[in-house]
Amino acid sequence: MRVWIVFLLCLAGHAMAAPTEELIVEEPVVEEEPIMEEEPIMEEEPIMEEEPIMEEEPIMEEEPVVEETEVGVNPVQVEVGDFDEAIEIIEDEAENACLDHHCKKGKVCEVDESNTPMCVCQDPSTCPIAEGEFEHVCGTDNKTYDTSCHFFATKCALEGTKKGHKLHLDYIGPCKHIEACVDMELSEFPLRMRDWLKNVLVTLYERDEDNNLLTEKQKLRVKKIFENEKRLQAGTHSLDLLAHDFQKNYNMYIFPVHWQFGQLDQHPADGYLTHTELSPLRAPLIPMEHCTTRFFEQCDADSDNYIALEEWAACFGLKEQDVDNDLVI
């Protein structure tokens, strides 16, 4: 009996011990699992917090871009465009300050510190090189200059000196020996000159059309000459024929003489011709007409270095009553 009691007690002791051990084993497992589950939860929470931070950073980067476009980085914006155009206009005005500023031959326009245009003597070394002898010019100092640019630049450098005052452009082409003009030849010169002026006007009238070579008033005057059947056609004519035509068709030569005076009287247009104003007519003629220089010297009847309209008309044989300032168109 005792044996059975002892056996039962032993079984009871094992039974009590077994669940106690299982519970002891299970409890740490149960305790460790929530700990393991809580740790990843704690780790995931910062991850969730970091993700919105990463998303916010690009947003913060985009915002300054929007702000910069508002400031005016975009070149399409009106304010920036207007500002750029204003700069360009200012630069153009600075660069073009000399465009409407006229300088006489031998001088070029420059601007000072305040962007005010002024005329200064041109450096002869800046003049273009002559392409041929036809560009050479001869001065009254009997010196050949490469081009008219070189001549006038040199004359400008001598401005204010006695030598500069006497220096003028004599004729186009290299300097050469020109025969002296005798009295008989001098009397013949106006005959050829009058005929030449008349034919120049007629030619301009024929070629004018819409080229504005002549004004409307000039066209009306020349039209009468052009349509006159008695007009002496252009060509080589004897001196006797030229003299006869001048007497017979005198009225055809009145306007051409006045027209040429008006063409030369430009700088300034004051009713007098200076040596410089005569140059465009003298310079090409001298190599062909060796009496040109003496003719113009004779025109200055009072030797004051100025040729008035009355003196000019008398040189070409016009009558005093036919001199008319209104014809200088």
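**Exercise 1.** Work out which exposed residues sit on the face of α7 turned away from its buried side.

*Solution.* Start with the ground rules: this is a predicted model, where local features need pLDDT of at least 70, side-chain atom pairs count only at pLDDT 80 or more, and totals for chains, interfaces and linings use all residues. Residues are numbered from 1 along each chain as its sequence is written, and side-chain values use heavy atoms, leaving out hydrogens and water.

Step 1: α7 covers residues 239–248, and its buried residues are Leu 242, Asp 245 and Phe 246 (buried is under 20% relative accessible area, exposed over 50%, with a 1.4 Å probe and protein chains only; helices are DSSP runs of H or I, at least four residues, numbered from the N terminus).

Step 2: looking down the axis of α7, those buried residues fall within an arc of 100 degrees, so they line one face (the arc uses directions from the helix axis to the C-beta atoms).

Step 3: the face turned away carries Asp 240, Gln 247 and Lys 248.

**Exercise 2.** Find what the buried residues of α7 pack against.

*Solution.* They pack against α5 (183–208) and α8 (251–264), with contact meaning heavy atoms within 4.5 Å.

**Exercise 3.** Describe how α5 and α10 pack.

*Solution.* Step 1: the axes of α5 and α10 (residues 292–299) are 10 Å apart, at an angle of about 80 degrees (axes are lines fitted to C-alpha atoms over the stretch in contact, and angles run from 0 to 180 degrees between N-to-C directions).

Step 1: the two helices are therefore roughly perpendicular, a label for 65 to 115 degrees.

Step 2: Asp 183, Leu 186, Phe 189 and Pro 190 of α5 touch Thr 292, Arg 294, Phe 295 and Gln 298 of α10.

Terms used
Parallel < 35°, antiparallel > 145°, perpendicular 65-115°, else oblique.
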